[in-house]
Amino acid sequence: MEQKEFVNIIRAYRHRLNLAGFLKKLVFSLGVGAGAGILFQAAAFFTPFYGANVYTAVSMLLAIAAAAAAALVRRVTMEQAALTMDSFGFQERIITAYEHREDDGALFALQRKDAMDRLKEHRNRIRIPLWPDRKKTILSALLLAAAVGLAIVPSPMKERAKELHQVQKEAVAKEEEIEEVLEELEELEQQTLTPEQLASLQEMTEGLQSSLAEYGQAVSADELQAANDKLRYKYDAMSGQIADLAQSLQNGASVSPITAESMQAMADKLQEMSGKSADGDKVASGQEGSQGDGQESGQGGSQGDGQEGSQGSGQGDGQGGSQGDGQEGGQGSGQGDGQGGSQGDGQSGSQGDGQGGGQGDGQSGGAGRGTGTANNSHDYVSIPNAVADSGNLTGNAVNHDNSDYFRAPNGLSWEGTHISYEAVIGSYEQNAYEGIATGRYPSGMESVIKDYFASFN
Amino acid sequence: MSESDRSRLQDPSYLAQRAADCEREIRKGIVGQEEVIRQVMQAMLTGGNVLLEGMPGLGKTRLVSTISKVFDLSFKRIQFTPDLMPSDVTGTNIIVKNEQGNSFSFERGPIFAHLILADEINRATPKTQSALLEAMQEHTVTVGNESHTLAEPFLVLATQNPIENEGTYPLPEAQLDRFMFKILVRFPSKEELKGIVALTEGSQAQPVEKQMDGEELLAARAVVNQIPVADAVMDYLLEIVMETHAPNPHIREGASPRAAQALIRAARAQAFLEGRLNVSFQDVEEAAYPVLRHRILPSFDAISQGVSEDDIIREILAVRKPQV
């Protein structure tokens with residue numbers, strides 16, 4: 001009975017030692033984890049490190065797990081507990097008695113009795129503190145507090161890291177989207193196509209791969225915006241090209257109707273993605289104001305008014321004939337209605353911002369209707385007299401409350417400063433190069449623009 | 001021997017008490033030198049031979065004489081000199097005339113006693129020194145073709161002068177290893193010296209009385225030999241011995257396995273004298289010095305740097321801390 005009690009006493013101290021060991025390891029590990037966390041947090045102040053908080057939390061969790069694992073692996077045995085108890089002045093009586101608890105013989109019995117008597121008499125000597133050294137505990141707590149404090153403190157670099165993370169996230173989404181489109185393009189290339197058509201598809205593929213690379217390199221919202229602009233442009237262009245391709249295939253009947261349908265479906269999808277990209281831009285950059293003219297282009301304009309319809313402002317929609325061929329239609333913004341008849345007239349509203357409109361000639365019937373608003377103020381809106389005289393122009397140009405109306409056969413002229421040709425070209429050239437630098441233009445167009453301006457020199 | 005006497009001889013507590021009484025009684029006859037007395041007591045309780053090293057006049061002979069009285073054992077002193085012959089120690093066969101004619105009879109030498117004081121053992125020739133070997137190890141003496149068993153308990157306490165080298169024959173390692181302890185008898189402190197003078201020159205001398213007989217001593221040895229040792233303590237002890245063989249610029253040669261045996265026996269005896277029936281780390285540490293100091297051969301570096309054997313042992317004990 002006494003022997004059982006003796007073993008139970010050792011076991012109780014063993015549990016306490018295990019707990020104390022775990023707490024000691026925990027405090028140490030938390031100190032190390034917090035130290036690592038401080039490093040992560042400090043790094044987040046000097047470099048865009050979005051995952052600093054996550055890494056800090058993970059290092060803490062790892063520290064706790066390591067402490068638990070170490071405590072489990074290196075848990076105290078009964079012999080170690082007995083030895084530790086002996087270190088409180090029992091001169092190895094307890095460990096000897098424990099190890100020889102099953103041995104028979106008068107000497108062993110006497111030794112066990114001696115150990116038990118001593119233990120009962122001086123048990124209060126055994127003091128095993130649960131918590132580790134106070135200094136170490138305080139140091140670990142301070143490190144922990146410092147790590148948490150650093151995590152809370154805001155900094156421009158953290159904001160930058162957030163932005164970068166957002167950019168990367170969006171870039172990855174875009175990359176996936178592009179990959180999908182590329183796969184579909186690859187499938188289309190498998191069809192029986194003419195070399196020209198194949199070359200066209202190949203060109204699209206290269207364009208998208210270029211965008212893929214741009215997204216991979218995008219490290220700021222501006223770069224992402226530029227890449228989005230280019231991609232949208234490409235989608236838009238590709239949509240038209242694929243639609244044309246689908247139409248030509250249908251007309252030529254050289255492929256199965258399924259192929260043509262799939263192409264048309266892809267064209268529609270790209271058109272939709274182009275619009276989605278525009279929506280996405282607004283969310284991403286919030287710069288729609290400066291891009292207002294360009295982003296409010298009506299879809300109808302692009303179809304109905306001609307090649308430059310996409311640059312028209314306003315949410316226009318229309319049903320233009322596929323062969324509509326307006327030359328400058330659609331740059332007008334505002335509530336413009338385009339109705340491409342056989343002559344392809346475009347009409348821009350009085351509030352529009354068009355620099356020219358409605359002189360396109362449609363070869364086949366088509367009607368475009370665009371509605372849109374523009375809040376920009378304008379000094380001057382010019383429309384051809386033919387358009388002004390036609391009955392299609394909506395609104396009252398003459399005697400308008402807020403504007404003056406002039407009519408002249410060869411356009412109006414104002415007094416003003418004279419700007420030399422070189423200055424004008426130089427200004428355009430500078431704008432163009434700035435646009436290249438900021439990624440404003442679709443990829444592949446940079447060299448064209450450069451060549452163009454180089455031709456003036 | 002009565003039944004009660006027999007049962008007392010099997011009672012560890014009684015024997016431990018008797019041993020403590022002996023130690024106390026010896027202290028009455030020897031002033032100071034408590035460590036020496038404790039170590040000699042350990043030797044008595046384990047049957048190990050002792051090499052006492054110290055300057056002349058430090059009470060070595062008196063110590064042995066006192067022990068013999070306290071334990072009621074026969075005591076012989078052999079003064080070792082260069083011309084001392086082995087037969088002078090062990091005894092020899094002599095021709096005896098009797099009624100049947102002449103015959104050889106073995107005349108016992110001074111070694112036939114319980115306690116032998118081999119005074120200045122290093123002054124005798126190696127031949128004579130080696131005459132002690134068999135007695136010390138086997139507790140027998142062989143003369144001619146006949147072996148004679150020595151009476152138990154048998155113990156050799158040898159002395160040597162650490163300074164005098166002229167005309168001496170340093171003990172070879174093999175013989176040194178047979179001494180369980182090498183005990184350094186240090187010069188007493190002023191207070192101790194005062195006590196010595198008062199004890200020997202004044203009238204304060206108290207007669208030393210017998211506290212234990214040879215039979216009780218043998219019974220105590222049996223108990224000491226059975227004192228349990230915890231695994232951790234045994235590991236610690238063995239690590240100390242092993243450490244003497246680890247690369248160490250101060251050690252030329254480490255301790256022999258006999259050192260481990262001597263160390264555990266000495267630690268057990270120490271525990272017994274402390275009234276414990278188990279060996280502690282401290283017992284091992286205390287026993288390490290007298291057990292190891294003559295078994296470690298210091299290197300040339302150690303000698304040239306003035307590093308003593310005790311310094312080396314201290315170093316080893318510092319490296320090999322008990323694993324708690």
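Before we count anything: helices here are DSSP runs of H or I with at least four residues, strands are runs of E with at least two, and both are numbered from the N terminus. On that basis, chain B has 14 helices and 11 strands.

A quick word on the model, everyone. It is predicted, so local features need pLDDT of at least 70 and side-chain atom pairs count only at pLDDT 80 or more, while totals for chains, interfaces and linings use all residues. Residues are numbered from 1 along each chain as its sequence is written, and chains are lettered from A and ligands numbered from 1 in the order in which they are written.

Let's stay with chain B. I call a residue buried if 20 or more other C-beta atoms lie within 10 Å of its own, exposed if 12 or fewer do, and partly exposed in between, with C-beta atoms placed from the backbone. Of the 324 residues in chain B, 44% are buried. A contact means two C-beta atoms, again placed from the backbone, within 7 Å. Take the chain B contacts between residues at least 6 apart in sequence: 77% of them join residues at least 24 apart.

Now, the sheet. Strands pair if DSSP finds at least two bridges between them. Chain B has an open sheet of 5 strands, in the order β2-β5-β8-β1-β9, with parallel pairing. β2 (75-79) and β9 (179-185) are its edge strands, each pairing on one side only. From one strand to the next, the twist averages 20 degrees; the axes behind that are lines fitted to C-alpha atoms, with angles running from 0 to 180 degrees between N-to-C directions. Look at β1 (residues 49-54) and β8 (residues 155-160) of chain B, which pair in the parallel sense over 4 bridges. Opposite B:Glu53 you will find B:Gln160, in β8(B).

On to the cores. A nonpolar core is a set of buried Ala, Val, Leu, Ile, Met, Phe, Trp, Tyr and Cys residues joined through C-beta atoms within 7 Å. The largest one has 109 residues, and B:Leu263 and B:Val284 have the most contacts inside it. Helix α11 (residues 257-273) of chain B gives the largest share of this core, 10 residues. So which residues does B:Val284 touch, leaving aside its neighbours within four places in sequence? They are B:Val233, B:Tyr236, B:Leu237, B:Ile240, B:Leu263, B:Ala267 and B:Val279. Another core, of 27 residues, lies apart from the largest one and includes A:Leu201 and A:Met266.

That brings us to chain A, with 15 helices and 6 strands. Here 34% of the 457 residues are buried. Why does A:Lys162 count as exposed? Because A:Lys162 has 12 C-beta neighbours inside 10 Å. A:Lys162 and A:Tyr50 are 112 residues apart in sequence, yet 5.9 Å apart in space, C-alpha to C-alpha.

Finally, the interface: 16 residues of chain B are in contact with 15 residues of chain A. On the chain B side, α9 (214-226), α10 (231-243) and α12 (281-292) each supply at least two residues, and α10(B) gives the most, with 3. Thanks, all!
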